[in-house]
Amino acid sequence: MEKRLYLAGNPNSGKSTLFNRLCGAHRRTGNFAGVSVDSGEGHFSHGGVSYTLIDLPGAYSLDAMSADEQVSADILHSADGCIVQIIDAGAIERSLHLTKELLQLGKPLVVALNMADEIQRRGVTIDTEKLSQMLGAPVCAISALHGRGIGALLDAVTAAIVPPPCRFTAEDLARATVQRQDKETLSDKIDRAVLCPALGYPLCALLLFCIFGTVFGSFGNALRDGFSAVLASLVTLPLQALLTRCGVHPLLRAYLSDGALAGVCSVLSFLPQIALLFLCLALLEDIGVMARIAFLFDPLLRHFGLDGKAMLPLAVSFGCTVPAVLAARVTDAPTRRKLCFVLPFISCPARAPVYALFIGAFFGGHGATLLLCLYLGGLCAALVGAKLLSAADRGKRPLPFIMELPPYRLPSPRTLALSVFDRCRDFAIKAGTVIFLSASVVWALEHFGTGGIALRTEDSFLHAVGQITAPLFVPLGFGNAVAATALLMGFFAKESIVSTLSVLCGAASVTEMLGVLFTPASALSFMVFSLLYTPCLATVAAIRRESRSARTAAKVCLFNFAVAYAAAFAVYRIAGMA
Amino acid sequence: MTLFDLAGGDRCRICALPRDKVRRAYYTRLGFCQNEQVELLYRRCSGGVVKIRGIRLALSREAMREVGISGKKAVSCGQPQLG
């Protein structure tokens, strides 16, 4: 029978790092409070005993003040196993308040002092034996990142019992067992310089420029072109040759080669750039830069009805909107509600193929600038949207911004590599499943009609669908069936826009066909519309789950569509005049 | 006198927290307890960074103005304020 173990503790204390080490899992970690916002489950064995390990979001107290803390509190109150509290040894005094609350639950408890190898450098000495005696529970010093002390921790877990009531207060425990020497650390010295607005804001701008320049500039484009060539030589051409050699029916050959495979490969070719973007985001979190960015931008975000903690979901949404919606749990309820509406405005990697395709076809010389404008435009749309939605909060007094600044840490290459690998794997799986299906559906709709096989495009189902929806987009400059169908398929997954265009235009001649279907002004309008319109199905499902309201999810879709339509109309008119 | 009135490098004790129960709990759980020693690392016009028992906490101006400190500054290192 499996025993259950619960990993509890303050945010950024190393719970997910320990979880990944014990279970060989790849839960997202980062040097930022609020990375884990949902519980995770894994399995491992020790000493012949099987364990189910539950990783909980960080909580300062069981008296929850945010949605992610509520998740932890609910699970811990009904826990049916041993609780392991992970404490950042450098911040033990604050953590002991939670320890007292966990002792009151009347469940077996083991305390793990994490980052024990760092505390000497930080001028902290902890008498673990005395602390264990005073608590009545075992206390183990570990380093989850380097895997030290884990064996002793698991032995303590095996023998853990319900501790007796602890009569000491958290202050008594800290006073008796912790000695601290005030030391100015390297992190203090760095922060003294970079948190000055005169240096901080330019550094952030430079960071952003470097990230975009690397990912979407010549280096990123070269990676993409190289990967496309590899895909063509290893997958596309051999498959076409095999299908011909095996005498496969021409229609089936066309489906596999020009339909499903063309759609999937057109999206997969962006994998190197997406991996680079994920690497940059993971670096920002792991080093500890993200918390500083949140502090620097808190005054700015306040003008838009948000606060510095919204920086995490805003930053994560550049990677994918689904985890960004979940990451909004670290904020308070009014901010979370606004973020549900505006996070989809921020451009995720799924939209990058659309920009790259149209920029390549119409705006070759100004690619990087236009891309930066699109990404910044999405961010601006999110901020302005949040400001408009703040009208509903008039009269309410939100909690002020307070955030822990973790020490700067060198990221672990293993953790970074795992993080990037996981995100790329999810992207590739999505390409192999959802995109494969949507490209297949588009191909089938294009080649079949009411009379069976459609010999002409005008007889196909797809043409009929496109004809019905195309007039809606005439004011935006792209009132044609191809564009309308691509946007419709984009609701299922944004990557489907490019795969649909590839299928409908023919992969080999998509750039030429775009030149026929669009003008530069309407291409710009199409990109803006793709940036801002309804979120993909996965995001809608996440919003519905987080808001517990299908009505809210529907409102988000309508709001985003309306904003996208207005923005694309304005862009088309202004670009047309230029 | 509040945290916002301090200069960089000053050390004081916390003597007052917001009266509202929810807001008080919000500060307490992050380490702002009565009589706790706090050091202001640096301050700018929109907020600052304090150190409580080795933990660095960034606060907005509003948050700094809600934490009352003892009347006299215990130690002043005379670090220049930022912002």
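The legends below describe close-up views of a predicted model. In this predicted model, local features need pLDDT of at least 70 and side-chain atom pairs count only at pLDDT 80 or more, while totals for chains, interfaces and linings use all residues. Residues are numbered from 1 along each chain as its sequence is written, and chains are lettered from A and ligands numbered from 1 in the order in which they are written.

**View 1. Overall build of chain A.** Chain A has 25 helices and 11 strands; helices (H or I, at least four residues) and strands (E, at least two) are DSSP runs, numbered from the N terminus. The radius of gyration of chain A, 27 Å, is close to the 25 Å that the globule rule gives for 578 residues, so chain A is as compact as a globular protein of that length. This radius is taken over C-alpha atoms, and the globule rule is 2.2 Å times the number of residues to the power 0.38. The C-alpha trace of chain A spans about 85 × 55 × 45 Å along its principal axes.

**View 2. Contacts between chain A and chain B.** Contacts join 28 residues of chain A and 25 residues of chain B; a contact is a pair of residues whose C-beta atoms, placed from the backbone, lie within 7 Å. On the side of chain A that touches chain B, at least two residues each come from helix H3 (92-103), helix H7 (186-194), helix H12 (289-302) and strand E9 (402-404). That side has 15 nonpolar, three polar and 10 charged residues. Here Ala, Val, Leu, Ile, Met, Phe, Trp, Tyr, Cys and Pro count as nonpolar, Asp, Glu, Lys and Arg as charged, and the others, Gly among them, as polar.

**View 3. Strand pairing across the two chains.** E9(A) and strand E4 (residues 55-60) of chain B run antiparallel and are joined by three bridges; two strands pair if DSSP finds at least two bridges between them. Glu404(A) has Leu57(B) as its bridge partner in E4(B).

**View 4. Met115(A) in its loop.** The loop between strand E5 (109-114) and strand E6 (124-126) of chain A holds Met115(A). Met115(A) is not a glycine, yet its phi is positive, near 60°. Met115(A) is buried because 24 other C-beta atoms lie within 10 Å; the cut-offs are 20 or more for buried, 12 or fewer for exposed, and partly exposed in between, with C-beta atoms placed from the backbone.

**View 5. Arg548(A) between two helices.** Arg548(A) is found in the loop between helix H24 (537-547) and helix H25 (550-577) of chain A. Phi of Arg548(A) is positive, about 55°, in a residue that is not a glycine. With 7 other C-beta atoms within 10 Å, Arg548(A) is exposed.

Methods
Two residues are in contact if their C-beta atoms, placed from the backbone, lie within 7 Å.
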